[in-house]
Amino acid sequence: MSSKKNKYTNKMEEDVSDDSTESSSANEDDEHAYEGNEEIQIEFEGRTPTDPDCHGICQLLRRVFLKAHLNCMQMAELIIAQNFVGSVISQCESDEIESDMDDDMCDDGTIFGITTVLNITAKKNIPCIEQLREFVLRKAEKHATDAVLKHLRDILNDENRSIGYLINERFINIPTEISIPLLENLDKEICKAQQKGMKFDFVYILMIIKLYRKEAKKGKSSQDFYTNAEEELLVEKSINSFEYSVVDESDMGMAGEWLETDTNLVPYRKIIIFDAKQLPNLIIDIRKQIKGE
């Protein structure tokens with residue numbers, strides 16, 4: 001596992017403005033840190049999370065939870081501690097791109113994405129997981145139907161039906177295609193962990209998905225734009241879900257290019273539950289959809 005390194009090549013645009021690389025805020029405007037006029041080519045690798053990745057993982061998690069009271073640093077440490085499951089997206093060490101920005105990325109160990117899963121049933125007494133469970137229930141109490149709320153309460157309180165919190169976060173610049181090997185690898189690692197008797201035998205998978213919505217207007221239906229395109233299929237296959245707007249928790253700068261060019265787009269979060277046994281088939285469906293097979 002520790003030797004796992006899958007490489008992916010992607011063209012990214014370099015922001016040549018002086019202040020583009022100075023922001024250290026842990027929110028969604030980081031996703032657009034590399035947009036501008038100059039295009040560069042970067043080779044990525046999917047590898048096991050390590051201790052130096054903690055801050056980068058924490059930043060990605062904060063984009064999901066925004067102003068919620070949740071210890072994202074502790075959750076990042078928890079992700080790194082289970083180094084037998086999950087991958088981060090980082091820049092390949094072998095890249096030799098003559099770019100000041102690229103040198104900076106090599107120096108600060110930028111993490112471009114994280115794909116992993118946490119057992120929020122077995123680890124429910126760890127503070128950050130307890131905060132996550134409370135966060136989900138609070139949002140459900142406010143935004144979900146009675147039936148969805150009841151289902152969430154039932155499964156969260158049932159220690160015999162483990163729930164995996166699937167984290168699938170990456171910069172907007174990173175292409176959707178990269179999700180295929182990352183999710184396939186995660187599924188293999190879950191299976192290996194199960195074979196070793198580790199607590200990864202999930203009954204349900206929970207996800208918190210980011211999207212933007214163009215609200216219905218002048219007879220036109222609303223339209224959703226998923227930050228990670230592959231997650232639209234997961235939403236369609238979910239057995240329960242609810243959503244909530246986060247427009248009051250973010251600002252125009254955080255949302256990036258979409259909201260800057262279309263003020264009708266409103267940021268949302270969608271919490272979904274799907275059958276864990278369906279994950280392998282869902283990954284196959286994602287591959288078919290992305291590859292056009």
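Analyst: A crossing is left-handed if the near helix is turned anticlockwise from the far one by less than a right angle, and right-handed if clockwise. This is a predicted model, in which local features need pLDDT of at least 70 and side-chain atom pairs count only at pLDDT 80 or more, while totals for chains, interfaces and linings use all residues. Residues are numbered from 1 along each chain as its sequence is written, and side-chain values use heavy atoms, with hydrogens and water left out.

User: Which hand has the crossing of α2 and α4?
Analyst: The crossing of α2 and α4 is left-handed. Helices here are DSSP runs of H or I with at least four residues, strands are E runs of at least two, and both are numbered from the N terminus.

User: Which residues make the contact?
Analyst: Helix α2 contributes Q74, M75 and L78, and α4 contributes P127, C128, I129 and L132; contact means heavy atoms within 4.5 Å.

User: Which residues of α2 are buried?
Analyst: In α2 (residues 72–81), C72, M75, A76, L78, I79 and I80 are buried, that is, under 20% relative accessible area with a 1.4 Å probe and protein chains only, where exposed is over 50% and partly exposed lies in between. These buried residues pack against α1, β4 (111–119), α4 (127–143) and β5 (163–170).

User: New topic: what does I208 touch?
Analyst: Beyond its neighbours within four places in sequence, I208 is in contact with V64, F65, L132, F135, Y165, E169, Y244, R269, K270 and I271.
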